[in-house]
Amino acid sequence: MALTGIQILKMLPKTNCGECGIPTCLAFGMKVAAGQIEIGECPYVSDEVKETIGEASAPPIRTIKIGGGETVTTTGGETCLYRHEKRFENPTGLCVLVTTDMSDADVDGRIDRFNNIRIERVGVLMKADLIAVKDTKGDEGAFTSLVQKVLDNSSDANLILMTDNPDTMAAAAKACGDRQPLLYGANKDNREAMGNLAKELGCPLAVVGSNIDETVEIADALINDGLKDLVIDTGARTMRAAYEDNIVARRAAINKKFKPLGFPTITFPCEITDDPLMEAMVASVLVAKYAGIVVLSDLQGDTLFPLLLERLNIFTDPQRPMVVKEDIYPIGGPDENSPVMITCNFSLTYFIVSGEIEGSKVPSWLLIKDTEGLSVLTAWAAGKFGADLIAQFINKSGITEKVKHRELIIPGYLATIKGELEEELPDWTITIGPREAGHMPAFLKEWKVAA
Ligand code: SF4
């Protein structure tokens, strides 16, 4: 059972030294209980206490890492049923399947698309995360050489190895070295051997049941064998069954603390339908409802992009606005005569405004003021984007060393602060820009330094 802040406080030194970055041990204990800070941030707790608190404050869905180095895919770690209760922690891993009975061209195409379909949006690089390699021929040589091919040709793909033969799995997993794959998996017949292999290699292990009850039995046995890092496949191969099983597993783990289902799930839209559009639709349902990993038959931009976008939306923390850094952003190679604009640091505002400036082909300087992620009007209403704060920022930003003129274009929605800003910045001419970013290109094309 999760510990309360007071229970955690009893195990802390209670010196209120502040070295953890929190002023008091009580506040620190509260944050640990809320999952907002790790117990290890206090340098004075013993390993024994760390273990006790760490276990007790662990999320009900275990956090599982697949891969190694900087390209780890993290799944699970979830603590709530609904995003608005707190946030969803780790985005669903998107995976493409290659098999030993595919032609070289089919495999190469999938690896190419894995490597090349990458889209940047609001400063986030969106892409698929994993490649599942499946031994469909029962041929160890063909399986290990396909695994090697994927390893050699996709430097940032994390792997899922799919075979039910423990010897074949051992050979392929050893070829992966530090890029620790997910071993898929342990069924009722090979559980012991797969469990031992996962322990020996330190790899996460998938539990493969034919239905949710069998999955629970196998997971329970593996937990008793000392396995901790599991991913569960309940065997569901219809959309309805996969959807229901994901919900049952999440509810059982969060509401009842039911350990055998307290792991991320792996789901297979690629085995639910042969229709690519239907497959994308099934995947979208499973991304929304709790899948830890979804395995797709192929990656195509027109179906992957909506999934990536859906994932970005669902796994963005609703309590923390996405922001960009306060700074001067040159767009299109501006010089000393280029226009200077200012706006807030809400990511969406920045990317929309900078996109319109880029599209106008008028080289410009865009000043981004820290408004704690609030949009222009909200920031102004909250006192974070007033004339005095804008003037302070302009004076310390260094923009005067980059341009000869002294004309500042402010967002149209801030027209009311023009006079105040002119008083705060007596050397500057303040020009009111458009209200809508879409009108920026026409505005900039007409712009000339005020006389
Ligand atoms: S570092 Fe430890 S002892 Fe110091 S205030 Fe934080 S929790 Fe308390």
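**Close-up views of a predicted model**

Figure 1. I232 is buried, because 27 other C-beta atoms lie within 10 Å (a residue is buried if 20 or more other C-beta atoms lie within 10 Å of its own, exposed if 12 or fewer, and partly exposed in between, with C-beta atoms placed from the backbone). The residue is found in strand β10; helices (H or I, at least four residues) and strands (E, at least two) are DSSP runs, numbered from the N terminus. Apart from neighbours within four places in sequence, the contacts of I232 are V207, T215, A219, A249, L261, F263 and T265, a contact being two residues whose C-beta atoms, placed from the backbone, lie within 7 Å. V216 is 16 residues from I232 in sequence, and the C-alpha atoms of the two are 8.9 Å apart. The model is predicted: local features need pLDDT of at least 70, and side-chain atom pairs count only at pLDDT 80 or more, whereas totals for chains, interfaces and linings use all residues. Residue numbers run from 1 along each chain as its sequence is written.

Figure 2. Buried in α9 are A242, D245, N246, A249, R250 and A253. Seen down the helix axis, these buried residues fall within an arc of 125°, so they line one face of α9; the arc is that of the directions from the helix axis to the C-beta atoms. R240, N255 and K256 are exposed on the other side of α9. The elements against which the buried residues of α9 pack are α8 (212–224), β10 (230–233), β11 (265–267), α10 (276–288) and β12 (291–296). K257, which follows α9, has a positive phi, near 55°.

**Figure 3. Helix α12 and its cover.** From first to last C-alpha, the 14 residues of α12 (residues 347–360) reach 20 Å, close to the 20 Å expected at 1.5 Å a residue. T349, Y350, V353, S354, E356 and I357 are the buried residues of α12. Their directions, viewed down the axis of α12, fall within an arc of 160°, so they line one face of the helix. Among the elements covering these residues are β13 (327–331), β14 (340–344), β15 (364–369), α13 (376–381) and α16 (440–446). After α12 comes K361, with a positive phi near 65°.

**Figure 4. The nonpolar cores.** The largest nonpolar core has 72 residues, and C95, I131, L161 and L183 have the most contacts inside it; such a core is a set of buried Ala, Val, Leu, Ile, Met, Phe, Trp, Tyr and Cys residues joined through C-beta atoms within 7 Å. A second, separate core of 30 residues includes I357, L366, I409 and M440. Beyond neighbours within four places in sequence, C95 is in contact with residues including A128, I131, I160, I293 and L296.

**Figure 5. The shell around the ligand.** The ligand is surrounded by 13 residues, of which C17, C20, C25, F28 and C42 are the closest; a residue counts as near if its C-beta atom, placed from the backbone, lies within 6 Å. The shell comprises 9 nonpolar, 3 polar and 1 charged residues. Here Ala, Val, Leu, Ile, Met, Phe, Trp, Tyr, Cys and Pro count as nonpolar, Asp, Glu, Lys and Arg as charged, and the others, Gly among them, as polar.

Conventions. The expected span of a helix is 1.5 Å times one less than its number of residues.
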